[in-house]
Amino acid sequence: MGKKAKRRLKKTMSIRNTANRQSPSPIVEVSKDLMPQGGNEDRRLLTTMTKEIYMLARLHYDLLDSKKIHRVFLKLRCMQHDSFRDRWVWLYEAEAKRLKFKGTYKDIPIERRPIVLGAFFFRNKGEMVLDLNSFDRAIKAVVFFDKYLPRKAAKVKDITVLNKFHDGSKGFVPKHQDYFDKGLEEVIDPDGLINDLKMATSPIENPMEKVNAAYPRIMEEFQKSIPEVERMPIHFYEDGISSLKGRLSLREIIAMQHWQGNSDYSFNNVFEQILPLILPLSKPEE
């Protein structure tokens, strides 16, 4: 038996014994940070061990070659197979240790290392999902795994998110299965809205008149309440990661306002605050 075959066999045996060495659990991977609440000081904002706000997210991948993905996971030292749950866990060590979160690696108690950053599940024949406990981890995961997973074997497609903060004082740590896969998610199609606006304004030639015609429809969308569970396309290969960062950042702002008691806060309120900062100031009349 050659050296490469021996190493592969050794790692395979190690994976089979994963459960005996470690049983990764997202339940022990949270902390509860105090946060001012406007009238309710008893609540504690649930956060992860790396100090991000605990917000559930799931990345959806088109799975094109599962055997190749398994081979990649075998080579990555930050990946470990959890046979009890039939999943591959992404650990905060080895290759992933270079990732920077709000909390540092040294902030994590030694007895809790390595923590689980996320978990891959192979679902039906053509899909793989990665469950994560924060929006920041989802953003970093898209970029991180694009470096290792061949696009001919798997391509990230959509993201499902829970637009909600959680109270850690109740002792309940929500899981992905509590909210996802229940038919509750609203599918967001930004391309559909853009196409509708193009069709509605196509007869109009003047650019400013086009904008004025589209404005009421845009504001109507912005004023809608944000769905608790959303699924939306990522468009990472076309737009890079900045588009996803922006969309998740807006949702985190809204979730923060809802957590603080402003339940009617919507995208419209966000843009009312942002637009004056990005639009050029009008010149005073002389």
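Visitor: Where does the charged end of Lys155 sit?

Guide: A charge sits over a ring if NZ of Lys or CZ of Arg is within 6 Å of the ring centre and within 35 degrees of the ring normal. The charged end of Lys155 meets this over the ring of Tyr237, 5.0 Å from its centre. The model is predicted: local features need pLDDT of at least 70, side-chain atom pairs count only at pLDDT 80 or more, and totals for chains, interfaces and linings use all residues. Residues are numbered from 1 along each chain as its sequence is written, and side-chain values use heavy atoms, with hydrogens and water left out.

Visitor: Which residues of helix H3 are buried?

Guide: Terms come before the case. Helices (H or I, at least four residues) and strands (E, at least two) are DSSP runs, numbered from the N terminus. Buried means under 20% relative accessible area, exposed over 50%, and partly exposed in between, with a 1.4 Å probe and protein chains only. In H3, residues 66-75, the buried ones are Ile69, Val72 and Phe73. Viewed down the H3 axis they fall within an arc of 100°, so they line one face of the helix. The arc is taken from the directions from the helix axis to the C-beta atoms. Lys67 and Lys75 are exposed on the other side of H3.

Visitor: What caps the N-terminal end of H3?

Guide: Asp65 does, with a side-chain oxygen 3.3 Å from the backbone nitrogen of Lys67. A polar contact is a pair of N or O atoms within 3.5 Å; within protein, one must be able to donate a hydrogen and the other to accept it, and residues adjacent in sequence count only if both atoms are side-chain atoms. Another case is the 3.4 Å polar contact between the side chains of Arg137 and Thr48. Arg137 lies in helix H4, residues 135-146. Arg137 counts as buried because its relative accessibility is 0%.

Visitor: What is the strand order of the open sheet?

Guide: Two strands pair if DSSP finds at least two bridges between them. The open sheet has 8 strands with mixed pairing, in the order S4-S5-S6-S7-S3-S8-S10-S9. S4 and S9 (186-187) are the edge strands, each pairing on one side only.

Visitor: How many bridges join S4 to S5?

Guide: There are 4, and S4 (residues 79-82) runs antiparallel to S5. Met79 has Trp90 as its bridge partner in S5. In the hairpin of S4 and S5, with 4 residues between the strands, Asp86 takes a positive phi near 55°. Now the other neighbour. S5 is also joined to S6 (residues 116-122) by 4 bridges, again antiparallel. There, Val89 has Ala119 as its bridge partner.

Visitor: Is S5 covered or open?

Guide: S5, residues 87-91, is mostly covered, with 5 of its 5 residues buried. Arg87, Val89 and Leu91 point one way, and Trp88 and Trp90 the other.

Visitor: How many aromatic pairs does a search of the whole structure find?

Guide: A pair of aromatic rings is described by the distance of the centres and the angle of the planes. Rings of Phe, Tyr and Trp (its six-membered ring) pair if their centres lie within 6.5 Å; planes under 30 degrees apart count as stacked, over 60 as edge-to-face and the rest as tilted. The search finds 13. One of them, Trp90 with Phe144, is tilted, at 5.3 Å centre to centre and 35° between the planes. This pair links Trp90 in S5 to Phe144 in H4, 54 residues apart. Both are buried.
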